[in-house]
Amino acid sequence: MDSQLLYSHDQIRPFAEMFSSVCRNPVDIDYFGGADRVRAFFRGDHMVGGYVVNARQPLRYLQMIPGPQREQKAISSILDGGDACEIACLWLNRARLTTQQRNNVYLLAAMDALATRRRWVVGGSISPKLAQTQKRVLPRVLYTGPWDYEGSPPEAQIYCANWWQLAAMITAAYSRTTMEDFLRRNWARLRGQRTRWR
């Protein structure tokens, strides 16, 4: 699996179209063009995943929270203070990626977010499964409820972590999941080797 940073409009358009086809969350293409990083992942010629890291105001996740909740201090102090970045528009073609490759995508997303040097790193999802995965390293829930667009499910969530918390937790999570994946893929062979060693 190869990764590529996308810069030009011609590079970003296929990414935006792919994201729109796999997610129910509408995104203006100008958002991608204005973000700090748009990274896509490829297997051969096939785009199999990607994400956006953005630290430019206004943050997309702030705009997606309905107006009254947006003004709450716990939310606005993080999302509207200019000291946060967001990992957004993350998508993966699970059928084309191994567990380890998916782990690599999450690790690189965290590294790109940390490179913005913002105090807070924010994520969000309308997918409960993706939210559960991301909250392992972004554990503070800022908002739960529908996002501010037609058709948003009631379970959308936005969550965050301090940069140092993310750095520590992504290291631990990546190490654990990498070891679990290694053992899962090689357990039978390792057991066989142990038998031969006796």
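Which strand does Glu-86 lie in? Glu-86 belongs to strand β4, residues 84–92.

## Basis of the model

This is a predicted model, in which local features need pLDDT of at least 70, side-chain atom pairs count only at pLDDT 80 or more, and totals for chains, interfaces and linings use all residues. Residues are numbered from 1 along each chain as its sequence is written, and side-chain values use heavy atoms, with hydrogens and water left out. Helices (H or I, at least four residues) and strands (E, at least two) are DSSP runs, numbered from the N terminus.

Glu-86 is buried yet has no salt bridge. Buried means under 20% relative accessible area, exposed over 50%, and partly exposed in between (1.4 Å probe, protein chains only). A salt bridge needs a side-chain nitrogen of Lys or Arg within 4 Å of a carboxyl oxygen of Asp or Glu. The nearest side chain of opposite charge is Arg-60, 6.6 Å away. Here Lys and Arg count as positive and Asp and Glu as negative; His and the chain ends are not counted.

The Glu-86 side chain does reach backbone nitrogens. That of Arg-60 is at 2.9 Å. That of Tyr-61 is at 3.1 Å. Residues touching Glu-86 include Tyr-31, Val-52, Leu-59 and Val-122, not counting residues up to four places away in sequence. Contact means heavy atoms within 4.5 Å.

## Aromatic pairs

How many aromatic pairs does a search of the whole structure find? The search finds five. In one, the ring centres of Phe-15 and Phe-32 are 5.5 Å apart and the planes stand at 75 degrees, so the pair is edge-to-face. Rings of Phe, Tyr and Trp (its six-membered ring) pair if their centres lie within 6.5 Å; planes under 30 degrees apart count as stacked, over 60 as edge-to-face and the rest as tilted. Phe-15 is in helix α1 (residues 9–22) and Phe-32 in helix α2 (residues 29–34), 17 residues apart. Both are buried.

Phe-15, Phe-19, Tyr-31 and Phe-32 form one aromatic cluster. The charged end of Arg-60 sits over the Tyr-31 ring, 5.6 Å from its centre. That label requires NZ of Lys or CZ of Arg within 6 Å of the ring centre and within 35 degrees of the ring normal.

## Salt bridges

The whole structure holds four salt bridges. Asp-112 and Arg-39 meet in one at 2.8 Å, N to O. This pair links helix α6 to strand β2, 73 residues apart. Asp-112 and Arg-39 are both buried. Arg-37 joins Arg-39 and Asp-112 in a network of salt bridges.

Asp-36 and Arg-56 form another, at 3.8 Å, N to O. Asp-36 is in the loop between α2 and β2 (37–43), and Arg-56 in the loop between β3 (46–54) and α3 (60–64), 20 residues apart. Asp-36 is partly exposed at 34% relative accessibility, and Arg-56 is partly exposed at 45%. Arg-70 and Asp-148 also meet in a salt bridge, at 3.8 Å, N to O. Arg-70 lies in helix α4 (residues 67–70) and Asp-148 in the loop between β6 (140–144) and β7 (157–162), so the pair ties together parts 78 residues apart in sequence.

Asn-93 sits in the loop between β4 and α6 (99–114). Its relative accessibility is 27%, so Asn-93 counts as partly exposed. The C-alpha atoms of Asn-93 and Phe-15 are separated by 13 Å.

Conventions
A polar contact is a pair of N or O atoms within 3.5 Å; within protein, one must be able to donate a hydrogen and the other to accept it, and residues adjacent in sequence count only if both atoms are side-chain atoms.
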